[in-house]
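Trainee: I would like to go through this structure term by term. Please set each value against its definition.

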Amino acid sequence: MFKKITAVILSVAMGAALLTGCGKGGAYPSDDIEVIVPKGAGGGTDTSTRGLLTYMEKNFEGAKFNVTNNPDGGGITGMVQTAEADADGYTLGAVTVELDMFCFQDKTDLTYESFDAIAMPIGAPAALIVQADAPYNSVDEFVAYCQENPDTVQVGNSGAGAIWDIATYLMEQEYGVTVSHIPYPNGTADIAAAITGGHIDATLADPSSFMTQIEAGTLKCLGVMSAERMTLLPDVPTFAEEGHDLVVRAWAALVAPKGLDEASLQVLRDAAKAALESDECKEYFLSQGIEPLDYIGDEAYQVMADDYAMYKEVFETIDFAE
Amino acid sequence: MLNNIVSAISSAASPITLLLLVVGTGAGILIGAMPGLSVNMGIALLYPLTFAFDGVQGIIMLLGVYCGAIYGGSISAILLNTPGTPASAATTLDGYPMANKMGQPGRALGLSTMASMFGGLFSAICLMVFAPQLAKVALTFSKAEYFALALFGISIITSVSSGSVIKGLMGGALGLFIGTIGIDAMTGKMRFTFGSTYLIGGISFIPILIGVFAFSQVLASIESCFDEKFEKKDVKISRVLPTLDDIKRVAATLLRSSVIGTFIGCIPGTGGDISSFICYDQAKKWSRHKENFGNGEPEGIVAPESGNNAVSGGAMIPMLTLGIPGDGATAILLGALMVQGIAPGPLLFTNQPVQVYTIFLGLLLANIVMGCFGFSLIRVFSKVVNVPKEILIPIIFIMTFVGTYSYNHSMTDVYVMVFFGFLGYFMNKTQFSMSAIILGIILGGTAEQNFSGALMMSKGSFSIFFTRPICLVFLLISVLSLMSPLYGQAVKRIWKNRKKSS
């Protein structure tokens with residue numbers, strides 16, 4: 001009896017496996033889609049990608065997204081995996097702003113040109129965050145303090161040569177000051193702990209990890225390196241308002257390996273557009289402390305290309321200290 | 001206050017919440033028991049489900065997954081000598097000998113279940129009572145303290161390498177070397193990558209863990225099959241709860257490990273893997289049965305298991321009180337809380353007390369459900385010991401490949417796993433300690449990054465390590481711990497003489 005039941009279950013399972021194997025012939029997408037996130041679970045890239053996919057899935061029938069995180073090599077490994085995957089639409093990936101930097105740091109030959117952009121749901125600016133009881137209340141006062149105490153103010157970043165470190169270099173260059181760069185390679189949560197604990201003086205980083213402390217009044221934000229003020233921090237001026245044109249944004253985009261047919265790409269872009277324009281999705285992003293963007297297709301690709309040009313210049317002009 | 005607690009109880013004890021808790025904990029135990037599936041992965045998998053439920057119900061399910069997965073890792077560690085998660089690597093040291101050499105899988109599982117439950121409950125109570133104070137202590141940890149803590153962890157190599165100390169140190173050095181491969185996160189420079197994309201990220205830890213523990217075990221078992229006739233072990237499990245004698249023997253260890261685990265948990269960036277090894281080491285140092293460690297000592301099972309589950313409550317402390325996650329799992333929990341409109345941080349306790357108490361209760365309940373699952377399934381799990389090797393070995397063999405591949409969907413990981421499996425096999429033959437290698441890999445990176453980071457903060461002055469009290473204490477303990485094989489015998493002799501003369 002038991003054997004019979006097992007045999008029935010096994011044959012049904014095998015039949016089902018065969019059917020899903022055949023499924024790929026139909027209209028796209030007819031099977032589950034793997035999405036490689038090149039960052040760890042729980043971070044901004046992961047949260048926004050998973051958020052986008054959850055709301056995209058609602059517009060799909062019969063297909064699910066399976067997310068795998070591969071944070072190895074600061075994200076290089078995962079992005080290379082996506083680029084090298086078959087362009088059949090069943091492997092997609094997230095890419096991050098680091099894609100536009102790694103190629104200038106001799107880490108990989110991969111550039112944004114290996115991908116087709118689907119959507120860009122997030123582009124978090126660098127925000128200058130300090131302790132609430134610090135003696136400076138604006139970017140200019142902070143800069144003046146740095147000038148009085150050259151090379152002593154400790155500014156946290158998420159790893160040498162990574163985006164927040166570059167933001168710090170750009171600020172040093174723009175204002176003509178020098179600060180001490182302290183890397184926290186495990187990410188912004190560690191910076192938040194260090195700055196709340198009073199071990200470092202400031203950080204230039206994505207403000208979302210610091211929002212709870214800012215709201216509680218233990219930290220304050222002096223300025224953001226974005227084109228416009230943030231909805232999350234409406235009272236904080238941009239660097240541009242103060243006359244310094246610094247825009248540094250940590251974006252993440254959902255992409256497909258180059259060569260996916262136009263029709264499938266359109267299906268994905270339409271689903272992403274519907275998702276990102278829905279109120280539910282926007283609310284979800286805001287609840288995570290993330291300002292949602294709704295750049296679709298070419299718009300997203302343009303950001304990837306613009307930042308590539310910007311970092312090309314950055315790496316040619318700034319001499320990163322050893 | 002009382003009102004808040006009453007409304008918290010009514011929301012935590014609703015039938016749907018309890019059902020979700022049971023589902024979450026059960027799923028967590030299975031995920032934890034499968035090598036290659038990690039705690040974080042389990043929580044990330046079930047995370048989207050929480051959107052479907054109101055308020056904290058979904059969060060409580062995730063708490064169940066969290067606690068269950070940490071516990072589940074010990075089941076495969078004890079029965080198969082293969083830690084299901086890195087946090088259970090230390091449990092193999094005494095758990096496997098008790099279940100197999102001594103033929104007492106029921107006793108080993110009973111002890112580990114009791115220890116996990118106790119550690120979890122203890123840390124949940126600490127979370128309720130001491131959260132704000134402990135969070136303050138955790139915030140005093142800067143790079144110098146992290147370095148000292150990691151160094152202390154590494155110094156434990158002398159204690160976990162049961163055979164030769166020299167071989168333990170050699171294994172530890174190999175582990176430290178493996179940890180240096182990849183991008184140096186502090187400078188962004190490549191080390192030992194030889195142009196390979198795979199090596200840029202360093203060698204993944206999970207394939208190594210599965211290789212040196214599970215794959216090498218398979219090879220050793222195949223070898224022993226040739227000259228050994230399979231004998232059915234006489235496994236009679238008359239009781240699943242630990243005996244009173246066992247409880248008396250491990251009571252002190254249980255409490256000590258729970259305290260250590262809770263404390264380590266509340267320091268952001270540290271977790272169950274380091275906690276379980278430190279607890280094992282401390283249990284051995286304080287034990288009256290030192291010689292028995294490595295041969296199935298009850299304290300050697302209880303220490304790492306209460307230590308790693310106590311991390312759960314500890315890691316929630318900085319997450320809830322500061323909005324800073326203590327590890328990867330709590331980072332995802334933080335996101336799940338924020339979706340439900342619960343904003344962890346300094347204001348949470350005054351603004352949303354009901355939700356806070358519900359989470360506390362949820363954590364307590366999760367640990368109780370986990371214990372019930374554990375105790376009721378011991379009889380089933382224990383049967384694994386009596387599965388003939390010709391059936392069990394091929395199953396584990398396949399599991400090593402499936403587990404490794406599912407971790408990152410990378411074939412290179414599988415090759416790495418096989419390589420380390422063979423390496424582990426030969427190292428086992430020559431009495432090298434696997435735990436020493438694992439400790440080196442887990443902690444080498446943390447120690448190095450924080451060492452150079454601390455020097456960056458002090459502008460190259462070594463005084464930073466000696467002027468900070470917490471850091472200095474940890475450094476002194478590390479030196480004492482590392483040197484213990486040198487003076488341990490002498491101290492013992494003096495102690496004995498004094499006892500005789502008195």
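Trainee: Why is B:L482 called partly exposed?
Mentor: Its relative accessibility is 37%. Buried means under 20% relative accessible area, exposed over 50%, partly exposed in between (1.4 Å probe, protein chains only). B:L482 therefore counts as partly exposed. This is a predicted model: local features need pLDDT of at least 70, side-chain atom pairs count only at pLDDT 80 or more, and totals for chains, interfaces and linings use all residues. Residues are numbered from 1 along each chain as its sequence is written, chains are lettered from A and ligands numbered from 1 in the order in which they are written, and side-chain values use heavy atoms, without hydrogens and water.

Trainee: Where does B:L482 lie?
Mentor: In helix α22 of chain B. Helices are DSSP runs of H or I, at least four residues; strands are runs of E, at least two; both are numbered from the N terminus.

Trainee: Which strands are the edges of the open sheet in chain A?
Mentor: The sheet has 6 strands in the order β2-β1-β3-β10-β4-β11. β2 (65-69) and β11 (292-296) of chain A are the edges, as each pairs on one side only. The pairing is mixed.

Trainee: How do you know that β4 and β11 of chain A pair?
Mentor: Two strands pair if DSSP finds at least two bridges between them. Strand β4 (residues 115-125) and β11 of chain A have 3 bridges, in the antiparallel sense. In β11(A), A:I296 is the bridge partner of A:A119.
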